[in-house]
Every structure is written in structure tokens, then in C-alpha cells.
Amino acid sequence: ARRVQARLASRFVKWKKRAVSDFASDQGLIEAAFSDRSILKDSATRDAIERVIDALDRGVLRVAEPDANDAGQWRVHAWVKQAILLYFAIRELETIE
């Protein structure tokens with residue numbers, strides 16, 4: 001069972017690694033904005049946050065994924081968590097009834 005789990009995790013990580021690397025420029029913008037909230041005024045930063053949230057919604061990105069190098073362990077993408085937090089800062093609050 002562990003071999004199967006490790007093999008599946010390896011395949012999953014290879015597929016996801018491709019997706020995570022596609023967001024390298026967005027990652028830089030998000031990390032910078034998380035350190036300096038004034039950068040949120042920049043439309044490129046806001047667009048990067050929106051792209052990451054959209055990718056999360058579509059299942060292209062995940063906050064955490066199985067680590068191919070260490071079966072049973074998970075790799076957390078802190079910058080994706082930061083994008084989620086920043087998303088609340090750029091969106092207006094709406095009342096849902």
C-alpha cells in the first residue's frame with residue numbers, strides 16, 4: 001500500500017509541479033504584496049491574486065500537495081496561502097441573504 005501511495009504521490013507531484021511553475025511570476029508579486037500591502041494598489045498584483053484564486057477554484061493549484069521525495073509527507077505552498085489572505089483584502093465585503 002505504501003508503494004502505491006508513493007507512486008501516486010510522485011505522479012501527482014510531477015503534474016502539479018508543472019502547474020506551480022507556471023505561476024512563478026505571480027508568486028513573486030504575491031510574496032511582495034504580503035510584505036508590503038501598499039503594492040495591492042497595483043493592478044498587476046491584483047490580477048496575480050485573482051489568477052491564483054481562479055487556479056485554486058479550477059483545481060490547478062493546491063495549498064498543499066504530497067511530497068514526491070518523502071512519501072506520506074506534504075509540501076505546503078505558503079505563497080498560495082498568502083494569496084488567499086490577500087484576496088480578502090482586495091475584495092469588497094458583501095452581505096449574502
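A salt bridge is a side-chain nitrogen of Lys or Arg within 4 Å of a carboxyl oxygen of Asp or Glu. Side chains of opposite charge can pair when their charged atoms come close. This is a predicted model, in which local features need pLDDT of at least 70 and side-chain atom pairs count only at pLDDT 80 or more, while totals for chains, interfaces and linings use all residues. Residues are numbered from 1 along each chain as its sequence is written, and side-chain values use heavy atoms, with hydrogens and water left out.

**View 1. E50 forms a salt bridge with R91.** The closest N and O atoms of E50 and R91 are 3.3 Å apart. This pair links distant parts of the chain, 41 residues apart: E50 sits in helix α3, and R91 in the segment after α4. Helices are DSSP runs (H or I, at least four residues), numbered from the N terminus. E50 is partly exposed, with a relative accessible area of 30%. R91 is also partly exposed, at 41%.

**View 2. D26 and R51 meet in a salt bridge.** Their side chains come to 2.6 Å, N to O. D26 belongs to helix α2 and R51 to helix α3, so the pair ties together parts that are 25 residues apart in sequence. D26 counts as buried, at 4% relative accessibility. R51 counts as partly exposed, at 38%.

**View 3. R58 and D54 pair within helix α3.** The closest N and O atoms of this salt bridge are 2.9 Å apart. The two residues are four apart in the helix, so about one helical turn separates them. R58 is exposed, at 54% relative accessibility. D54 is partly exposed, at 38%. The count of salt bridges in the model comes to three.

**View 4. Helix α3 crosses helix α4.** Helix α3 covers residues 43-58, and α4 covers residues 78-90. Their axes come within 9 Å and cross at roughly 115°. Axes are lines fitted to C-alpha atoms, for helices over the stretch in contact, and angles run from 0 to 180 degrees between N-to-C directions. From α3, the residues R46, I49, E50, V52, I53 and L56 take part; they meet W79, V80, A83, I84, L86, Y87 and I90 of α4. Contact means heavy atoms within 4.5 Å. The residues of this contact divide into 11 nonpolar, no polar and two charged. Ala, Val, Leu, Ile, Met, Phe, Trp, Tyr, Cys and Pro count as nonpolar; Asp, Glu, Lys and Arg count as charged; the others, Gly among them, count as polar.

**View 5. The largest nonpolar core holds 15 residues.** A nonpolar core is a set of buried Ala, Val, Leu, Ile, Met, Phe, Trp, Tyr and Cys residues joined through side-chain atoms within 4.5 Å. I30, I49, V52, L61 and W79 touch the most other members. Helices α2 (24-35), α3 and α4 each give two or more residues to this core. The largest share, five residues, comes from α4. Leaving out residues up to four places away in sequence, W79 touches V20, F23, Q27, I30, E31, V52 and L61.

**View 6. Q82 lies in helix α4.** Q82 is buried, with a relative accessible area of 18%. Beyond its neighbours within four places in sequence, Q82 is in contact with I30, E31 and F34.

Notes
Buried < 20%, exposed > 50% of the residue type's maximum accessible area, 1.4 Å probe, protein only.
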